[in-house]
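Please open the structure in your viewer and keep the selection panel at hand. The stops below are meant to be taken in order.

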Amino acid sequence: MTNVTVWNENRHEQIHEEVKRIYPDGMHNVIGGHLKKQGFTVRTATFDEPEHGLTDEVLDNTDVLTWWGHMLHKHVDDAIVDRVQRRVLAGMGLLVLHSGHESKVFQRMMGTTCDLKWREADEKERLWVVKPGHPITKGIGPYIEIAGEEMYGEPFDVPEPDDLIFISWFEGGEVFRSGCTYRRGRGKIFYFRPGHETYPTYYNPEVLQVITNGVHWLTPDEGATIPKERHHTVPLEPIKPRSQS
Ligand code: ZN
């Protein structure tokens, strides 16, 4: 059973009427509620909780962490960023959503600015599947269409993804690498673009399907995680002393 922690900054939902209307209980509860229905063990964590809700105990019991942040990126405690990074390197999966592209956590894992172009002009987005057969695209047709979204455009300052899963086209003409996967240490990372807070994107069944698929794919493979205890090790064969000359 995969343990998922759904992290949300949860600030727009408290201070912006428009966002509160769409996500009255916060988008973490919409995403988390959906994942629960898929059979995952889900907990949520938010910025305002002590240690942003990401204590050692929580992270040690998390197989996949999802991350949505925007307004408070700079205020996320560096000690928590260190902790998330250590867990990813040890095998925890990380699903970074939408404006999480500029979070300290994603920047740390990528090693680049993760900068991009953007525009809020209520335009259509079409996400083309460019890696058919990849587990993250299971149940998705040739593309996903979203009636209205914020635009993100290239160049997206990230390292070359291991797998490029989606490319978005926007009504205004830009394109964007909307689904990118990476491996860092033992952990897997999936960046998935849609989810601007003023749109009901996290109620879209296809977007939720991709999130579900993403969590499955990000779940650490059996034996892949680094055990907490690591020891000095003795050789299996006797090692002959080297002759001195
Ligand atoms: Zn946005």
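Predicted model: local features only at pLDDT ≥ 70, side-chain atom pairs only at ≥ 80, totals over all residues.

Residues are numbered from 1 along each chain as its sequence is written, and side-chain values use heavy atoms, with hydrogens and water left out.

**The interior**

Select Leu54, Leu65, Val84 and Phe106, which touch the most other members of the largest nonpolar core, a set of 33 residues. A nonpolar core is here a set of buried Ala, Val, Leu, Ile, Met, Phe, Trp, Tyr and Cys residues joined through side-chain atoms within 4.5 Å; buried means under 20% relative accessible area, exposed over 50%, and partly exposed in between, with a 1.4 Å probe and protein chains only. At least two residues of this core come from each of α4 (56-60), β3 (64-68), α5 (78-89), β4 (93-97), α6 (104-110), β6, β8 (175-184) and β9 (187-192); helices (H or I, at least four residues) and strands (E, at least two) are DSSP runs numbered from the N terminus. Apart from this core lies another, of 32 residues, including Ile140, Val207, Ile211 and Val215.

Now centre on Leu54 and display its contacts (heavy atoms within 4.5 Å). Not counting residues up to four places away in sequence, Leu54 touches Thr5, Trp7, Ala45, Leu59, Leu65, Trp67, Ile80, Arg83 and Val84.

**Helix α3**

Next select residues 27-37, helix α3, whose buried residues are Met27, His28, Val30, Ile31, Gly32, His34 and Leu35. These buried residues pack against β1 (3-8), α1 (12-15), β2 (41-46), β3, β4 and α7 (205-218). After α3 comes Gly39, with a positive phi near 100°.

**Backbone geometry**

Most residues other than glycine have a negative phi, and most peptide bonds are trans. Select His52, in the loop between β2 and α4, where phi is positive at about 55° although the residue is not a glycine; His52 is buried, with a relative accessible area of 9%. Asp122, in strand β5 (residues 117-129), also is not a glycine and has a positive phi of about 50°, but at 51% relative accessibility Asp122 counts as exposed. Then go to the cis peptide bond joining Glu154 and Pro155, with omega about 0°; Pro155 lies in the loop between β6 and β7 (163-170).

**Cysteines**

A search of the whole structure finds zero disulfides, a disulfide being a pair of cysteine sulfur atoms within 2.5 Å.

**Salt bridges**

The structure has 15 salt bridges, each a side-chain nitrogen of Lys or Arg within 4 Å of a carboxyl oxygen of Asp or Glu. Select Arg83 and Glu51, which form one with the closest N and O atoms 2.7 Å apart. This pair links distant parts of the chain, 32 residues apart, with Arg83 in helix α5 and Glu51 in the loop between β2 and α4.

**The surface**

Finally, select Tyr143, which is found in strand β6 (residues 143-153) and is partly exposed, with a relative accessible area of 35%.
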